[in-house]
Amino acid sequence: MKKKLKALLLCAGIGSRLKPVTNKKPKCLVEIGGQVLLGIWLKELERIGVQEVLINTHHLADQVNLFVNKWKSKSLKIFTIYEKNLLGTAGTLISNKKFFEDSTCLFLHADNFTEYDMNLLLEAHKNRGKECILTMLTFKSSEPENCGVVEINDNSIVIGFHEKVKNPPTNIANGAIFVFESEFINKLNYLIPKPFDFSKDVIPQFLGKIQSCYTSAVFIDIGTPKNLELANTNSFN
């Protein structure tokens, strides 16, 4: 029996770096090329065959819920879950592990914009090294000191990870888009202390077991007004 393809789309962030835009609008609802960022992601997830997506909310959650309730899709089921107190990127994943049982899972941040074909990431995961339990999208960053950057071996397996350090050893950045099987979430329960942030608390624990998948496509973290403007300049050309 073929596993379901599900996704967790993180939309709960406050967007403090993107103020004043996010004073009245959640980061996932900003527009890129005339399209709402969350809508861009929902279209892509539906296109690649995701059957169910879970969206976490917090900041201006009512606006996100309103957008989702108006979204029409014949094949993609959308669920939202409100976090009164932010659980952290890893905490959200762990607290919703039942949602992902017996599934192949996509885990991604809605505040990233890319023109990358996510089918290629799924294919990379399917063909990952036998020792790998997680597949990570990577891209070349012009500001690696503001990213989590990776070191990889000849098989494109992540063997080093550095989160926002001065003089980073590479400019190949973690795109914060991952694919894994549901069994991976069970392994997170055994980490001590309990992980909160996926990049800081989880990735370093699995070095040598993460397959990287590099893209040269447009990839922008919509975290600042500068990057929002950059995305609108470079998108949909």
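Q: How do the axes of helices α1 and α2 cross, and at what angle?

A: In this predicted model, the axes of α1 (residues 37-47) and α2 (residues 61-70) come within 11 Å of each other and cross at roughly 40°. That angle makes α1 oblique to α2, because a value under 35 degrees would count as roughly parallel and one from 65 to 115 as roughly perpendicular. The crossing of α1 past α2 is right-handed.

Q: Which residues of α1 and α2 meet?

A: On the α1 side they are Leu38, Gly39 and Leu42, and on the α2 side Val64, Phe67 and Val68.

Q: Which residues touch the most other members of the largest nonpolar core?

A: In soluble globular proteins, nonpolar side chains tend to be buried together. Here the largest nonpolar core has 47 residues, and Leu9, Leu38, Leu106 and Ile222 touch the most other members. Helix α1 gives the most to this core, contributing six residues. Apart from this core lies another, of 26 residues, which includes Phe178, Phe180, Leu188 and Val202.

Q: What does isoleucine 222 touch, leaving aside residues up to four places away in sequence?

A: A list of contacts shows the surroundings of a residue. With those sequence neighbours not counted, isoleucine 222 touches several residues, among them Leu18, Val30, Ile32, Leu37, Phe113 and Leu228. Lys27, Asp111, Asn112 and Asn227 are also among its contacts.

Q: Where is asparagine 56 placed, and is it buried or exposed?

A: Asparagine 56 belongs to strand β4, which covers residues 52-57. Its relative accessible area is 3%, so asparagine 56 is buried.

Q: Which polar partners does the side chain of asparagine 56 reach?

A: Another is a side chain, that of glutamate 83, with a polar contact at 3.2 Å. Not counting residues up to four places away in sequence, asparagine 56 touches Leu9, Leu10, Cys11, Ala12, Ile81, Glu83 and Thr92. Leu9 in this list is also one of the residues named for the largest nonpolar core.

Definitions and conventions
Residues numbered from 1 in each chain as written. Predicted model: local features only at pLDDT ≥ 70, side-chain atom pairs only at ≥ 80, totals over all residues. Heavy atoms only, no water. Helix = DSSP H or I, 4+ residues; strand = E, 2+ residues; numbered from the N terminus. Buried < 20%, exposed > 50% of the residue type's maximum accessible area, 1.4 Å probe, protein only. Polar contact = N/O pair within 3.5 Å; in protein donor to acceptor, adjacent residues only side chain to side chain. Contact = heavy atoms within 4.5 Å. Core = buried A, V, L, I, M, F, W, Y, C linked by side-chain atoms within 4.5 Å. Axes fitted to C-alpha atoms, helices over the stretch in contact; angles between N-to-C directions. Parallel < 35°, antiparallel > 145°, perpendicular 65-115°, else oblique. Left-handed = near helix turned anticlockwise from the far one by under 90°.
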